[in-house]
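The sequence and structure come first.

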There are 2 protein chains.
Amino acid sequence: MSERRRRRRSASPRDREATAGTIPQLPWKQPRNPYPPMNILSEDQVETIHRASLRILSELGIELMSAEGRDLFAAAGARVDAATQVVRIDPALVESLIATAPSGFTLTSRNAARRLIFGGDHMAFGLVAGPPSVHDRINGRRSGNLKDYETFTKLAHHFNAIHIIGNQVCAPVELPANTRHLDTYSANIRLSDLCFHATAIGAGRAVDAIEMQAIARGISVDDMADDPGVTTIISVNSPRKFDDTMAEGLIAMSRRGQPVAITPFTLMGAMTPVTLAAALAQQNAEALFGIALTQLVRQGAPVFYGSYTSNVDMRSGAPAFGTPENTKANIASGQLARRYGLPYRASPTNASNAADAQATYETQMALWACTLGHANLHYHAAGWLEGGLCASLEKLVIDVEMLQHMIAFLEPVVIHEDALGFEAMRDVPIGGHFFGTPHTLERYETAFYRPMLSDWQNYEAWELAGSKTATERATDLWQRALEEYEEPVLAPDRAEALDAYIRRRREAIGSGEP
Amino acid sequence: MSERRRRRRSASPRDREATAGTIPQLPWKQPRNPYPPMNILSEDQVETIHRASLRILSELGIELMSAEGRDLFAAAGARVDAATQVVRIDPALVESLIATAPSGFTLTSRNAARRLIFGGDHMAFGLVAGPPSVHDRINGRRSGNLKDYETFTKLAHHFNAIHIIGNQVCAPVELPANTRHLDTYSANIRLSDLCFHATAIGAGRAVDAIEMQAIARGISVDDMADDPGVTTIISVNSPRKFDDTMAEGLIAMSRRGQPVAITPFTLMGAMTPVTLAAALAQQNAEALFGIALTQLVRQGAPVFYGSYTSNVDMRSGAPAFGTPENTKANIASGQLARRYGLPYRASPTNASNAADAQATYETQMALWACTLGHANLHYHAAGWLEGGLCASLEKLVIDVEMLQHMIAFLEPVVIHEDALGFEAMRDVPIGGHFFGTPHTLERYETAFYRPMLSDWQNYEAWELAGSKTATERATDLWQRALEEYEEPVLAPDRAEALDAYIRRRREAIGSGEP
């Protein structure tokens, strides 16, 4: 008998449950990966990359467009070329500087129950960050604005599989560029109680995030130095350059004890040589440089080892994600992060222009790689489209479904006498079924992960219901999620203090302060 | 600078290459998985399942609807209940019987270059098998016919990521049921030179496959016993029943030295208790029973350990695939197969009604699990839709793309001095790019995997080209592949011998022979 013959696809009265009430979700809980990380590099290969990166740091050096940063390196014994701003560091100094970075840390928002642990087997999934455009199937593609920003932020709060808000899910372009970070931080804090990323373009924006999160938590900025509340990505201007705004952002964050993710922008063939070996060596050199700087700013400052290594289409120069090369890079970079005992940041992203099968298989390749590589922070994990140029509401829903699949998969298998069900097997006749046995009835409500997006009706029922693809059903789901969204209460005194801070800063920035 | 800012998405003259010539493909080569398998069960848990399955075999037994099979078990010392046809086997006998099954074997078609190795780190991806329906975006959904059968078979031959043809990609329902296997075998052999699966519903159909493959290879059936050429899936009628046709098919195949994949049909909550522990124990008992029977028929007969364990939707009873539970089962079953030193068969399948994001994420979950679990035969790997009720041409193209991604990912990372590109890094200025360096120019053509389906154009160019989703582009690709398909030459004398065999068998079956 062929495998399809005995499939049961009939509708039953219990079907009605699926449409009642709220969207099925896993509870809010930071996932952990109980399995050993995957290693695709031998220990020798890891050491070869390590040595190659030390050679890059020692012989070629990194341009650091921050006088303060260069002074710190010079004082520690690095060779600084005043004319070119290039800093060269000998291997022993690199090793001694990075040694003080901690292997883990926490991030705490205004709701202590949302505290995130970074390090070890802990994972956190972040909302997409940075796109100029936004797309959904109802309103089409447009430049992002504050309303869109708020929509995504509400969904990040609503969906339990999203654990942290990234740096500007979209740029609210209608607002003044030099103060819009105040509006987005305010939205983050009002509309959700998740941790969020600062915008570390210069020191001022980073400090505003720290101040505002401290107000939201009702603690001082000094207290927050020992109990961090915001983080950010420090992108390296690869090859081998830390620009002034990023360097200032790094210094501002590390000085105040807030974690940063040093992330080289290493697209193979464009910003690095075309081989994975070279890209990893360059990524590693650039990451170690930034990590060293955090430790010079504040010994013991929390820091992520970040990877963003992928390839470009060598015919057009277009970046690609979720490729086989990106998959390897995401796993191998985890080995490098562990080589240095550092929490690891990576991204399950894609380069598709639509929330379609390509977006899905590229994201899945990257998501598995980030998971197998034991990434602690999965940045851009929900809503990313077009290689990062667009935030998509449908893709966000598809991503949440995929993240929930991964979270449920990572729940360890339980095997004890009771679970083995010998009595149930004895009691069900040969060729019979287990639907009505006590063993089943006791467990069926929670035995299996229940998806929110997958449709398992038979074809005829699915057709009758409108033949909706997963992407079309995702449109229904984000609308329903917005209806069901509840704004988390913020104590009135803290809300007032935040408003006062924002007013003060708007005036100050308006009169030319940083 | 945010990560999106420096993305390069311009078109270049080299773009034109992508549209010229044939569909980009990886060369035909059986993939190998160079990494250790993933283990999600502890060794203790594996032994617990092993012992639970031995208890099932000893105390509960399996119904075997084949007198010949029961006689073989009885002669070996098993306890056979004549009234119920239930066979109970003591643990020591199970262990001694399965011990003679080989850890690997080959399968050879009429083209020796297409020989497949099963066992160890070798992988093979199979065409979907068994659906009654067929779908594509041009012709819609319909019952399968011989023309559809031929279309899928041509595509399986054309796409290098498909290594083996399954058992009837669709049933050619317009042909007489008792001879249509002759037509499908004939199509397999004429239109492709891949190995294929027999239809093992009864002995006659299995023997026809063996005879016809032997003719196609120009060897005798006796020769083929030592050098197999066809395989098949033996599905268990779970719980705990081998029906007469499947048992006869198993016996006919094993007697002639052709490998079978013993695959319990263990959907958790329906055909097994609702827990993964129980499902694995029952699967294991049923698989070991079938494996034992192959060894009683012919000591040393090649056999796969098969797993098809997944869950059902407990609200409707509908089967589901690519779920977190199926993901765990696919990985854990690999541990069981290795426990017995047997080649492992699993399936990267899904339960979606459309070739959409759901079909893609479910398939990816299962594909990663099959790969991490070191499945040797990935059955149903291309074209499966609707939980196996439909073969889809668009899904086949999406699957081939995903399989190629996986194959390219599994190519080991090369790290030697030259690949590290130190000179290239030295020569490119800080903040510059590597597009034109000699290191890049020497390697760019082959440095990265080149997809056939993924579209990495920028949004504006993609929109100008018609805003086609991956599923829509897949329609273009299968049509183009059919245009480019070339029928592999079959020596005229063998073609004539095959025709003569088919004529003979049609007459014999028409006059009532099996």
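How many residues does the contact take from chain B and from chain A?

## Basis

This is a predicted model, in which local features need pLDDT of at least 70 and side-chain atom pairs count only at pLDDT 80 or more, while totals for chains, interfaces and linings use all residues. Residues are numbered from 1 along each chain as its sequence is written, and chains are lettered from A and ligands numbered from 1 in the order in which they are written.

## Contact between the chains

Chain B gives 122 residues to the contact and chain A gives 123 residues; two residues are in contact if their C-beta atoms, placed from the backbone, lie within 7 Å. On the side of chain B that touches chain A there are 63 nonpolar, 35 polar and 24 charged residues. Here Ala, Val, Leu, Ile, Met, Phe, Trp, Tyr, Cys and Pro count as nonpolar, Asp, Glu, Lys and Arg as charged, and the others, Gly among them, as polar.

## Symmetry

Chain B is superposed on chain A by a rotation of 180° with 0.0 Å of shift along the axis, at an RMSD of 0.0 Å. This is the relation of a two-fold axis.

## Strand β13 of chain B

Strands are DSSP runs of E of at least two residues, numbered from the N terminus, and two strands pair if DSSP finds at least two bridges between them.

Strand β11(B), residues 230-236, runs parallel to β13(B) and is joined to it by 5 bridges, with Ser235(B) partnered by Thr263(B). β13(B) also pairs in the parallel sense with β15(B), residues 303-306, over 3 bridges; Ala261(B) stands opposite Phe304(B) there.

## A three-stranded sheet

An open sheet of 3 strands in chain B has the order β14-β16-β17, with mixed pairing. Its edge strands are β14 (267-268) and β17 (319-320). Between β14(B) and β16(B), which run parallel, there are 2 bridges, and Met268(B) has Asn311(B) as its bridge partner.

Note on methods
Least-squares fit on C-alpha atoms with pLDDT ≥ 70 in both. Helix = DSSP H or I, 4+ residues; strand = E, 2+ residues; numbered from the N terminus.
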